[in-house]
Amino acid sequence: MNAANPRFVLAFIAFGGVLGFVLPNHATTLLTEALILCLFALSLDLLVGHARLTSFGHAGPWGFGAYMAAGMMLAWQVPLPLAVLAAGLVTALLAIPVGWLCVRTGGVTFAMLSLAFAQLGYAVVFKWNAVTGGSDGLPGIPRAGLSDFMASREGYHLLVTVVLAAAYVLAWAFVHSPLGRVVAAVRENEQRAEALGHDPRRIRLIVFVLSYFLAGVAGALYAGFARYVSPELFFWTVSGHILVMVVLGGAGTLVGPMLGALAFFYVEHELSALTESWGLALGIMFIFVVIFAPRGLMGVLQGLRRT
Amino acid sequence: MDPLALFALQLLNALSLSALFFFLAVGLTLIFGIMRVVNFAHGALFMFGAYVGVVAQTLSGSFIFSLVAAPLAAGLLGIAFERSALSRLYAREHSAFLLVTFGLALALTEAIRLIWGADARQAELPVFLAGIIFVMDEPFPVYRLFLIGAGVMCALACWAGLQRTRIGLLLRAASQNAGMTAALGNDVARIRALVFALACALAALGGALAAPLLSASLGLGSNVIIDAFVIVMIGGMGSFIGTAAGSLLLGFAQTFGNFYLPELSLGMTYAVMIAVLVLRPGGLFGRSE
Amino acid sequence: MRNLTMGRRTALGLLAAPALIRPAAAQSGPIRIGVPTAMTGTWAVLGAQVVRTCRLWARTVNAEGGLLGRPVEFLFEDTQGVPANCLRKAQEMVERDRVNILLGLMASSEALAVMPKLAEWNALFISSVNGAGSITAEHWVPNAFRANTSGPMGARALALWLRAAPQTEFFSLSLDYAWGRSSVETFEGLLRGIGKRSIGSVFAPVGTRDYSSFITRIRQANPQALYIALTGDDGTAFLRQAAQFRLFERMPVVTETVDMLFTRPAGDAAIGLVGGSRYTFTLNNPANAAFVQRFRSELNELPDTYDGEQWQACEVLATAVRKARRTDTEAVVAALRDLEMSSIKGPLKIRACDGQAEQAGLVVRVDRRDGMPHPVPEVIATYAPSEVTPACRAANFA
């Protein structure tokens with residue numbers, strides 16, 4: 001079976017959902033967080049893998065979505081599913097001007113522009129004490145408007161699983177739609193796509209907005225999961241980590257980045273419990289993966305299937 | 001304080017900070033210009049230089065020796081890393097370098113903690129650099145003047161090296177077109193190893209020079225890397241003049257920003273970068289990609 | 001291998017599910033205490049103090065036969081000082097390892113992330129490091145306690161000392177985050193109360209490396225004295241650069257907290273520095289002398305601020321557990337409320353209303369001392385707990 005087959009991926013996500021009901025409590029909580037990161041990585045893959053726009057500022061929409069949802073639930077008791085959706089939409093709205101400025105460029109310039117916007121968000125959240133709580137963050141976010149079951153550990157896990165599955169279907173459908181094929185055409189040969197009457201900037205902006213929407217949703221789910229948001233969510237190290245997850249898993253495959261997120265998250269978690277020097281082990285491991293697994297974890301999986 | 005004295009002091013403050021920024025960023029731009037590698041580990045190498053410098057000075061008692069030892073150690077580390085890891089990846093995509101240098105940054109930071117511990121380390125300045133001079137009756141540290149001088153010397157040396165030597169010619173050619181240079185019979189592999197080592201050495205020299213101001217501590221690497229990226233982007237990736245201009249721009253923006261608009265200084269660096277990149281996507285002196 | 005482990009855990013989880021109704025903490029076997037703290041990253045230096053002191057304390061207690069006759073066992077996990085990691089590690093300690101007592105959280109933001117979860121986890125937390133005023137004010141929760149001196153308490157002690165100082169015009173420089181801002185706010189408010197005034201303040205962004213511009217600003221303002229709330233790498237960088245600019249020859253400097261962590265790297269530049277102190281090894285009482293002696297003989301180092309604070313937090317926990325005669329959360333929390341005891345910092349009382357330990361406020365001056373390789377903080381004033389502790393669930397002084 002092909003690891004990138006959407007039926008297989010959905011089955012895998014469903015399996016993750018079921019696991020939430022059989023694993024011990026702490027493992028379920030860990031898995032919920034890992035699945036939220038999968039969604040975050042999936043959103044970035046649309047940019048990095050499909051539009052070849054290497055964003056180094058994806059902490060921006062993630063943090064923005066988290067703060068938006070947190071604010072709505074704290075201030076107005078907006079029901080959580082609505083708050084998550086609304087946070088995603090507001091993030092998408094923000095993505096229009098930000099993206100309009102970013103997609104005029106490409107390559108490293110795009111990476112650094114996206115970084116600058118995320119860091120600007122960090123600065124604003126950090127300084128605007130009255131609204132954002134500054135460096136203290138916002139503790140005690142309620143899971144507003146959910147039934148007792150949905151607000152419970154298992155219920156929330158189920159919610160995250162369903163959203164992840166829906167996001168995957170959306171991303172897959174987008175990539176395989178006529179519009180998605182235009183994105184690929186623009187990526188492979190911009191001049192030719194332009195000659196065929198496509199506006200590369202508009203095409204890129206559409207991917208940008210979709211990617212920010214999903215990242216905003218992921219951030220909002222994280223706010224409801226942790227019930228706490230702080231400026232660290234915007235910090236550049238978050239952008240760096242999620243980008244490494246995407247590349248590690250294999251950019252451009254949708255499922256690869258999710259695998260990368262799972263691998264990074266669990267390996268770091270287990271290593272750091274094992275030794276204080278987890279950074280050394282993880283760093284050396286990355287270097288080996290890059291050298292010996294050129295197409296990331298997906299490449300390794302597909303290689304195994306062929307042999 | 002006399003307004004003129006205030007201005008003179010701030011000018012010197014900004015220049016000394018710009019000099020440090022230049023050491024930090026020039027290696028990054030060199031690596032990008034010639035190798036098309038975005039080096040995530042550059043901050044970690046800067047920090048490594050600070051530690052080696054402090055340790056070398058403590059052992060030898062000579063500050064000048066520490067300025068030799070730090071770049072030498074980092075240069076060797078750079079060659080080893082380029083030969084064993086980077087050199088296998090030149091045919092691959094950008095993202096491979098990202099992951100591999102990210103790995104180096106993680107590993108190097110932890111190695112430093114294992115070798116030298118979590119406590120900050122520092123050494124005292126030698127007597128001839130520890131004094132003060134008076135700028136219109138206001139004291140100013142001699143060491144900061146030394147930094148400005150070192151920055152100017154380094155910039156001139158780099159410029160002369162690039163413009164006036166055969167190696168410099170090759171480097172410039174390699175940055176224009178690697179395939180062409182190879183066809184002309186030049187060993188691109190050796191040039192790349194040399195450039196990477198040189199860039200690491202420059203970062204480490206900057207770290208060793210910064211140590212008397214900041215002391216060597218574990219947060220240093222992740223703290224400075226973003227500044228380095230900002231400078232290189234503002235100046236134009238791969239442009240030597242641009243890096244010098246970017247260092248000055250950021251040095252002045254931070255020094256005067258901290259004075260007049262401290263409330264905004266956290267976000268100002270990024271606002272400046274956005275403004276430059278939106279108006280000139282290739283940076284002030286760079287080619288647009 | 002990995003699959004086997006997962007399988008075993010899954011099986012255990014299924015078996016354990018009905019057993020969840022049991023009290024989380026067993027009443028036999030070792031007493032396990034969770035310490036999710038920053039062992040790497042920017043806060044690694046402080047985390048190292050927390051970890052080494054917990055280890056020393058466990059060795060000491062276990063050598064004396066343990067607590068309630070049970071050995072004490074610490075579980076350490078690295079959080080890198082990031083709230084998301086701290087939450088995850090703490091959760092795992094509570095739910096997988098059946099820990100119900102948490103100590104040694106590093107950043108205030110980490111504590112604030114964990115505190116709202118305590119009720120759900122049926123766990124308790126005793127702070128030894130976290131200074132943010134809000135922890136015992138608007139963000140207080142019933143299962144959280146603070147054994148250490150808070151930021152506002154440190155600022156208060158210093159302001160009381162300054163009543164007698166000849167200087168009347170002050171300028172403040174602090175780090176731009178919650179702790180720094182609340183310190184300056186408290187300090188400036190207190191100045192007004194004692195007939196002195198603040199002629200300006202400036203907040204340096206976190207991660208500032210070059211302080212020359214701030215030093216110039218201070219010189220231009222030309223106050224009679226300078227108040228700083230900086231710590232760690234930022235404090236070291238500022239002190240070194242200010243000494244290079246000969247700032248200390250112009251004006252005395254007072255600081256919210258004096259840690260050897262940043263005065264030691266500053267070398268002789270720190271001599272004469274006056275500040276509040278959460279703990280100093282030079283405290284003159286028998287309990288502290290015994291602690292310092294043990295610390296030096298076992299670790300061959302002088303205990304610094306958070307060594308002392310962590311030791312006190314461990315002692316608070318031990319006293320409460322002995323009083324409760326058990327370790328389950330309800331009993332220990334009940335025993336902690338209004339607990340009165342004496343520790344290496346002197347007498348203290350955990351007040352029931354917000355969990356803050358009322359304790360003496362210290363002011364120290366950094367000076368040379370015979371037999372010490374570097375200048376050390378010496379106590380120059382001590383204030384009664386009632387003078388330095390804010391009102392219940394208040395972060396500052398009315």
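# Reading chains A, B and C

Buried residues make up 59% of the 307 residues in chain A; a residue is buried if 20 or more other C-beta atoms lie within 10 Å of its own, exposed if 12 or fewer, and partly exposed in between, with C-beta atoms placed from the backbone. This is a predicted model, in which local features need pLDDT of at least 70, side-chain atom pairs count only at pLDDT 80 or more, and totals for chains, interfaces and linings use all residues. Residues are numbered from 1 along each chain as its sequence is written, while chains are lettered from A and ligands numbered from 1 in the order in which they are written.

Biologist: How many helices and strands does the secondary structure of chain A come to?

Modeller: Helices (H or I, at least four residues) and strands (E, at least two) are DSSP runs, numbered from the N terminus. Chain A has 15 helices and two strands. Its radius of gyration, taken over C-alpha atoms, is 19 Å, close to the 19 Å of the globule rule for 307 residues, so chain A is as compact as a globular protein of that length; the rule is 2.2 Å times the number of residues to the power 0.38. The C-alpha trace of chain A spans about 55 × 45 × 35 Å along its principal axes.

Biologist: What are the corresponding values for chain C?

Modeller: Chain C has 14 helices and 15 strands. The radius of gyration of chain C is 22 Å, close to the 21 Å that the globule rule gives for 398 residues, so chain C is as compact as a globular protein of that length. Its C-alpha atoms fill a box of roughly 70 × 45 × 45 Å, taken along the principal axes, and 58% of the 398 residues are buried.

Biologist: What share of the contacts with a separation of 6 or more in chain A comes from residues 24 or more positions apart?

Modeller: Two residues are in contact if their C-beta atoms, placed from the backbone, lie within 7 Å. In chain A, residues 24 or more positions apart account for 78% of the contacts with a separation of 6 or more. The corresponding share in chain C is 69%.

Biologist: How is the packing of two helices to be read, and at what angle do H1 and H6 of chain B pack?

Modeller: Two packed helices are described by the angle between their axes and the distance between the axes. Axes are lines fitted to C-alpha atoms, for helices over the stretch in contact, and angles run from 0 to 180 degrees between N-to-C directions. Helix H1 (residues 3-35) and helix H6 (residues 142-164) of chain B pack at about 45°, with axes 8 Å apart. H1(B) is therefore oblique to H6(B), given that angles under 35 degrees count as roughly parallel, over 145 as roughly antiparallel, 65 to 115 as roughly perpendicular and the rest as oblique. The crossing of H1(B) and H6(B) is left-handed; the term applies if the near helix is turned anticlockwise from the far one by less than a right angle, and right-handed applies if clockwise. Among the residues making this contact are B:Leu12, B:Phe22 and B:Phe23 of H1(B) and B:Ile148 and B:Cys154 of H6(B). By class, the contact has 13 nonpolar, three polar and one charged residues, where Ala, Val, Leu, Ile, Met, Phe, Trp, Tyr, Cys and Pro count as nonpolar, Asp, Glu, Lys and Arg as charged, and the others, Gly among them, as polar.

Biologist: Which residues make the contact of H1(B) with H8(C)?

Modeller: H1(B) and helix H8 (residues 212-221) of chain C pack at about 165°, with axes 9 Å apart. That makes H1(B) roughly antiparallel to H8(C), and the crossing is right-handed. B:Leu6, B:Leu9, B:Gln10 and B:Asn13 of H1(B) meet C:Ser212, C:Ser213, C:Thr216 and C:Gln220 of H8(C). This contact has two nonpolar, six polar and no charged residues.

Biologist: Which element gives the most to the side of chain B that touches chain A?

Modeller: The contact takes 35 residues from chain B and 37 residues from chain A. H4(B) gives the most to the chain B side, with 15 residues. That side divides into 25 nonpolar, six polar and four charged residues.

Biologist: Where is A:Arg227 found, and is this residue buried or exposed?

Modeller: A:Arg227 is found in the loop between helix H11 (200-226) and strand E2 (228-229) of chain A. Its phi is near 60°, a positive value in a residue other than glycine. A:Arg227 is buried, with 20 other C-beta atoms within 10 Å.
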